[in-house]
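Subject: Structure handover

Hello,

Here is the structure I promised to pass on. Please open it first, then read the notes below it.

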Amino acid sequence: MTVKASDLRELLLSDLPDPTLVLIGGRLEVIKVDDLDADDFRDAVLLLSRTELLARGVDETSPDDVLERQAATICTAVADLDPARSQPTTRSPSTTESRTPDRPSPSARPNSGITTGPP
């Protein structure tokens with residue numbers, strides 16, 4: 001998965017209320033934060049909100065090189081996530097049934113949890 005300047009520009013220019021950039025099924029999408037509770041996005045990984053990007057001093061007038069640096073930072077943070085967090089867990093050694101850990105509602109997660117350092 002590679003986040004590009006164009007993905008961040010799409011997030012910044014989105015007409016959606018409270019838009020967020022998510023990773024779902026190996027692709028990036030800009031969705032409104034409330035959609036994270038919808039079945040279609042149940043397994044989405046929240047990468048960044050427009051509010052977080054603006055707080056980093058990046059806006060729709062920022063040049064592509066600034067957006068590319070932010071995108072690279074997000075890619076690095078995603079790559080550094082603990083792989084065990086994204087793996088299904090088994091209920092017991094005697095069964096092959098697995099489940100995905102419960103996800104908190106969007107209101108319970110005020111930010112993406114991806115720490116990328118200062119802007």
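Which residue in S3 does Leu 21 stand opposite? Leu 21 stands opposite Leu 48. More on that sheet follows.

First, the ground rules. This is a predicted model, in which local features need pLDDT of at least 70, side-chain atom pairs count only at pLDDT 80 or more, and totals for chains, interfaces and linings use all residues. Residues are numbered from 1 along each chain as its sequence is written, and side-chain values use heavy atoms, with hydrogens and water left out.

**Overview**

The protein has three helices and five strands. Helices (H or I, at least four residues) and strands (E, at least two) are DSSP runs, numbered from the N terminus. Along the sequence the pattern reads α-β-β-β-α-α-β-β. Of the 119 residues, 34% count as buried. Buried means under 20% relative accessible area, exposed means over 50%, and partly exposed lies in between (1.4 Å probe, protein chains only). Now take contacts, meaning heavy atoms within 4.5 Å. Among those between residues at least 6 apart in sequence, 58% join residues at least 24 apart.

**The sheet**

Three strands form an open sheet in the order S2-S1-S3, with antiparallel pairing. Strands S2 (27-32) and S3 (45-49) are the edges, and each pairs on one side only. The twist averages 30° from one strand to the next. Angles run from 0 to 180 degrees between N-to-C directions, and axes are lines fitted to C-alpha atoms, for helices over the stretch in contact. Two strands pair if DSSP finds at least two bridges between them. S1 (residues 19-24) is joined to S3 by four bridges. Between S1 and S2 there are six bridges, again antiparallel. S1 and S2 also form a hairpin, with two residues between them. Gly 25 sits in that turn and has a positive phi of about 60°. Pro 19 has Lys 32 in S2 as its bridge partner.

**The helices**

How do H1 and H3 pack, by angle and by distance between axes? Their angle is about 100°, and their axes are 8 Å apart. H1 and H3 are therefore roughly perpendicular to each other; that label covers 65 to 115 degrees, while under 35 counts as roughly parallel, over 145 as roughly antiparallel and the rest as oblique. On the H1 side, the residues that meet H3 are Ala 5, Leu 8, Arg 9 and Leu 12. They meet Asp 64, Leu 67, Glu 68, Gln 70, Ala 71 and Ile 74 in H3.

Ser 62 lies in the loop between H2 (50-55) and H3. Ser 62 counts as buried because its relative accessibility is 10%. Leaving aside neighbours within four places in sequence, Ser 62 is in contact with Arg 9, Gly 57 and Leu 67.

**The cores**

A nonpolar core is a set of buried Ala, Val, Leu, Ile, Met, Phe, Trp, Tyr and Cys residues joined through side-chain atoms within 4.5 Å. The largest one has 17 residues. Those with the most contacts inside it are Val 3, Leu 8, Leu 21, Leu 47, Leu 48, Leu 53 and Ile 74. H1, S1, S3 and H3 (64-79) each supply at least two of its residues. H3 gives the largest share, five residues. Apart from this core lies another, of eight residues, including Val 22, Phe 41, Ala 44 and Leu 46.

Where is Asp 18? Asp 18 is in the loop between H1 and S1. Most residues other than glycine have a negative phi. Asp 18 has a positive one, near 50°. Is Asp 18 buried or partly exposed? Asp 18 is partly exposed, because its relative accessible area is 40%. Neighbours within four places in sequence aside, Asp 18 is in contact with Ile 31, Lys 32, Val 33 and Thr 51. Lys 32 is 14 residues from Asp 18 in sequence, and 5.5 Å away in space, C-alpha to C-alpha. Thr 51 belongs to helix H2. With a relative accessible area of 53%, Thr 51 is exposed. Thr 51 and Pro 19 are 32 residues apart in sequence, and 8.3 Å apart in space, C-alpha to C-alpha.

Best wishes
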